[in-house]
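Please consider the sequence and the model displayed below.

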Amino acid sequence: MARRLFRKIVPSEQKMRESRVLRVFGKTLLNRRLWHLNRHSTAWGIGSGLFWAWIALPIQTLGAVAMAIAGRGNVALAMAFTWVSNPLTWVPCFLLSYYVGLKLTGAEPIQGLRQQVRSAMDAGPIEGLSLSAQMLWTDLPKLYPMFIGGFVIGAVTGMIGFATVKLTWRWNIVRRWHNRHQTRRRFNPALRLTSGFAHLARLRRPARDTM
């Protein structure tokens, strides 16, 4: 069930290999282990993607894929989960990173930041991106708390994603094994008869011991 779900999410292997951004990895992406979906590769791929999704740098995809390769995670999942931060969520994600970074570093907040962000959001997608880029360039020396906050949030969400996949995958395996075992017991007369004989033997054992 988990594999079928993740196969619907991840981009196709052929599409990723043809990506210009990922050509820097060369033949490394030909390794079949980097595309296999098992408990470890899925968890590491998702954790890598969630970590880099919060890093406010234009190398999110490269960083997530490199991290997935280093940990033998699924590179397609790593790339897919970086899109937790996308043009629709950049502003709330990076503002949250900034304010978390302010709390951690104790730095002075940028004056008028909320007004600038609100103006960029009200300006529309194209002009808004232009205003956001100009704001980042102007206030870049003062935005270091955003990178620190993003690193911390990314590390926490990445570990949560990794642990959640590991535990969910394990629970799914145990549940399927239990259901299969119950089905076999229900429709296997020989097994039920053997269990009955074992139960009778346990009942008679105390009587023999008293003799």
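**Burial, packing and fold**

Q: What is the relative accessible area of Phe-51?
A: Phe-51 counts as buried, a class defined as under 20% relative accessible area, with exposed over 50% and partly exposed in between (1.4 Å probe, protein chains only). This is a predicted model, in which local features need pLDDT of at least 70, side-chain atom pairs count only at pLDDT 80 or more, and totals for chains, interfaces and linings use all residues. Residues are numbered from 1 along each chain as its sequence is written, and side-chain values use heavy atoms, leaving out hydrogens and water. For Phe-51 the relative accessible area is 13%.

Q: What geometry does the aromatic pair of Phe-51 and Trp-52 have?
A: Rings of Phe, Tyr and Trp (its six-membered ring) pair if their centres lie within 6.5 Å; planes under 30 degrees apart count as stacked, over 60 as edge-to-face and the rest as tilted. Trp-52 is buried at 16% relative accessibility. With 5.8 Å centre to centre and 90° between the planes, the pair of Phe-51 and Trp-52 is edge-to-face.

Q: Which class of accessibility applies to Tyr-99?
A: Tyr-98 and Tyr-99 form an edge-to-face aromatic pair, 5.5 Å centre to centre and 65° between the planes. Tyr-98 is buried, at 2% relative accessibility. Tyr-99, at 30%, is partly exposed.

Q: How are H3 and H4 oriented to each other?
A: Helices (H or I, at least four residues) and strands (E, at least two) are DSSP runs, numbered from the N terminus. H3 (residues 39–53) and H4 (residues 60–70) pack with axes 9 Å apart, at an angle of about 150°; axes are lines fitted to C-alpha atoms, for helices over the stretch in contact, and angles run from 0 to 180 degrees between N-to-C directions. Angles under 35 degrees count as roughly parallel, over 145 as roughly antiparallel, 65 to 115 as roughly perpendicular and the rest as oblique. H3 and H4 are therefore roughly antiparallel.

Q: Which residues of H4 make the contact with H3?
A: Contact means heavy atoms within 4.5 Å. H3 contributes Trp-44, Ser-48, Gly-49, Phe-51, Trp-52 and Ala-53. The residues of H4 are Gln-60, Gly-63, Ala-64, Met-67 and Ala-68.

Q: Which helices are included in what covers the buried residues of H4?
A: The buried residues of H4 include Gln-60, Gly-63, Ala-64, Val-65, Ala-68 and Ile-69. Their cover includes H3, H5 and H6 (90–105).

Q: What is the phi of Arg-72?
A: Arg-72 lies in the loop between H4 and H5 (75–81). Its relative accessibility is 52%, so Arg-72 counts as exposed. Arg-72 is a residue other than glycine, yet its phi is positive, near 55°.

Q: How far apart in space are Leu-95 and Gly-149?
A: Leu-95 is placed in H6 and is partly exposed, with a relative accessible area of 24%. In sequence, 54 residues separate Leu-95 and Gly-149. Their C-alpha to C-alpha distance is 9.5 Å.

Q: What percentage of the residues in the protein is buried?
A: The protein has 10 helices and 0 strands. Among contacts between residues at least 6 apart in sequence, 70% join residues at least 24 apart. Of the 211 residues in the protein, the buried part is 33%.
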